[in-house]
Amino acid sequence: MADWLSPAEWDALRLSLRVSFWATLVSLPFGLLVAHALARWRFPGHGLLNGLVHLPLVLPPVVTGYLLLLTFGRRGWVGQWLDQWFGIVFAFRWTGAVLAAAIMAFPLMVRAIRLSVEAVDPRLEQAAGTLGASGPWVWATVTLPLILPGVIAGAVLAFAKAMGEFGATITFVSNIPGQTQTLPSAIYSFLQVPGGEAPAARLVVISVVVAMSALVASEWLARRAMRRVQGR
């Protein structure tokens with residue numbers, strides 16, 4: 001593939017895979033917690049939390065990117081503090097692309113996991129609790145195996161969404177070749193210059209192949225996890 005793609009195209013592909021992997025990995029624990037909270041707990045602010053989780057789905061991606069820039073930029077109220085005390089910078093860095101992709105993909109992850117949690121019969125968890133198992137142990141040994149197909153589906157959907165994220169990313173971290181230029185940004189850049197249609201088409205093909213592969217893998221892994229849960 002390295003011979004088929006130019007160095008710039010290869011850099012964009014490699015960065016996109018890197019960003020999507022870390023965006024999925026970092027957001028997964030939060031996705032499990034939020035999905036469980038929305039499915040099982042009732043508390044003041046439940047509707048507000050649900051709205052905030054799904055807000056990136058309905059906001060224009062550029063708005064999300066601008067809000068990230070205001071919050072996590074070098075002069076943002078969080079970004080300034082992170083930079084001064086820990087030397088952590090998100091704006092115009094590949095780590096910022098990870099943050100943007102994770103936020104944009106988070107609603108899809110949470111929804112898939114939440115539906116799986118809601119499908120689990122609470123009486124199974126209660127039965128394990130009556131046998132003396134603690135709450136965390138019940139979750140790890142009863143709930144998690146049952147929701148595993150949904151967790152896998154949510155993670156893969158988040159990965160695919162992160163691969164295609166454009167608006168929030170280019171607003172927050174710009175479009176710097178070799179540093180923040182992901183596949184969508186590279187396609188956009190190639191289409192702005194004469195003769196860029198061929199490399200843009202190659203990246204489009206790669207994007208479609210990666211997305212379809214992720215969806216097929218998600219379906220296969222989810223079915224395999226379901227068979228293991230059912231003891232087949």
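What volume does the largest pocket have? I looked this up first in the predicted model. The largest pocket comes out at about 700 Å³.

**Pocket lining.** I then listed what surrounds that space. The lining of the largest pocket has 23 residues, and Leu-68, Phe-72, Leu-99, Ala-102 and Ile-103 are the closest to its centre. I sorted the lining by element: α1 (7-40), α2 (46-58), α3 (61-72) and α5 (94-119) each give two or more residues. The most comes from α5, with 7 residues.

**Nonpolar core.** Next I looked up the largest nonpolar core, which has 19 residues. Inside this core, Val-19, Ala-23 and Phe-172 have the most contacts. The elements giving two or more residues to the core are α1, α5 and α8 (167-173). I note that α5 gives the most here, with 7 residues. For background, nonpolar side chains in soluble globular proteins tend to be buried together.

**Helix α7.** Last I checked the span of α7, which runs over residues 135-164 and has 30 residues. Its end C-alpha atoms are only 38 Å apart, whereas a straight helix would reach 44 Å at 1.5 Å a residue. Where does the kink in α7 lie? I found the kink at Leu-148, shortly before the proline Pro-149, with a bend of about 55 degrees.

Key: Residues are numbered from 1 along each chain as its sequence is written. This is a predicted model: local features need pLDDT of at least 70, side-chain atom pairs count only at pLDDT 80 or more; totals for chains, interfaces and linings use all residues. Side-chain values use heavy atoms; hydrogens and water are left out. On a 1 Å grid over the protein atoms alone, a cavity is a set of points where a 1.4 Å probe fits but cannot get out, and a pocket is an open set with protein on both sides within 12 Å along at least five of seven lines; lining residues have an atom within 4 Å of a point. Grid points are joined across faces, edges and corners, and a volume is the space filled by probe spheres set on the points. Helices (H or I, at least four residues) and strands (E, at least two) are DSSP runs, numbered from the N terminus. The expected span of a helix is 1.5 Å times one less than its number of residues. The bend at a residue is the angle between axes fitted to the seven residues ending there and the seven starting there. A nonpolar core is a set of buried Ala, Val, Leu, Ile, Met, Phe, Trp, Tyr and Cys residues joined through side-chain atoms within 4.5 Å. Buried means under 20% relative accessible area, exposed over 50%, partly exposed in between (1.4 Å probe, protein chains only).
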